[in-house]
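User: I would like a close look at a single helix in this model. Please take me through its two faces and its surroundings.

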Amino acid sequence: MNKIDSLLSLASRARKIISGSDMVITDMKSFKSKTKIVILATDAKEHVKEEVYMVAKRFGIEVIEYGTKDELGHFIGKAERSVIGITDENFAEGIRKSI
């Protein structure tokens with residue numbers, strides 16, 4: 001398990017994530033968005049990638065493509081996930097530094 005995997009796991013246990021494309025996109029669009037950085041599965045469907053990138057760009061949120069849907073789900077202890085939003089700046093900064 002590398003540093004990013006560990007940070008995703010820790011953020012999940014600390015309840016500092018939002019998972020699932022609909023939930024993350026809805027949060028990014030909200031006035032009180034908590035999303036600091038978005039982790040996007042490399043094998044996410046093309047229309048999901050396009051929407052995530054479009055919304056993130058509009059609101060100035062960084063997107064990182066990392067891992068597969070299955071891996072992302074595994075890191076956070078859930079079924080496969082295409083999109084994870086990190087809601088804590090410290091975890092987000094740790095992930096940025098680990099890239």
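Analyst: First, a term: a residue is buried when its relative accessible area is under 20%, and exposed when that area is over 50%. The model is a predicted one.

Take helix α5, residues 89-98. Its buried residues are Phe91, Ala92, Gly94 and Ile95. Around the axis, these four span an arc of only 160°, which puts them on the same side of α5. The spacing fits a general rule. An α-helix has 3.6 residues a turn, so residues three or four places apart point the same way.

Now the other face. Turned away from the buried side of α5 are the exposed residues Asn90 and Lys97.

What covers the buried residues? The cover of α5 includes one helix, α1 (3-13). It also includes the strands β2 (37-40), β3 (62-65) and β4 (83-86).

Next, the start of α5. Here aspartate 88 contributes a side-chain oxygen, which comes within 2.9 Å of the backbone nitrogen of asparagine 90.

Asparagine 2 sits in the segment before α1. With a relative accessibility of 38%, asparagine 2 is classed as partly exposed. Its side chain reaches the backbone nitrogen of isoleucine 4 at 3.0 Å. The side chain of asparagine 2 also makes a polar contact of 2.9 Å with the side chain of tyrosine 66. Isoleucine 18 is 16 residues from asparagine 2 along the chain, and their C-alpha atoms are 21 Å apart.

Methods. Residues are numbered from 1 along each chain as its sequence is written. This is a predicted model: local features need pLDDT of at least 70, side-chain atom pairs count only at pLDDT 80 or more; totals for chains, interfaces and linings use all residues. Side-chain values use heavy atoms; hydrogens and water are left out. Buried means under 20% relative accessible area, exposed over 50%, partly exposed in between (1.4 Å probe, protein chains only). Helices (H or I, at least four residues) and strands (E, at least two) are DSSP runs, numbered from the N terminus. The arc is that of the directions from the helix axis to the C-beta atoms. Contact means heavy atoms within 4.5 Å. A polar contact is a pair of N or O atoms within 3.5 Å; within protein, one must be able to donate a hydrogen and the other to accept it, and residues adjacent in sequence count only if both atoms are side-chain atoms.
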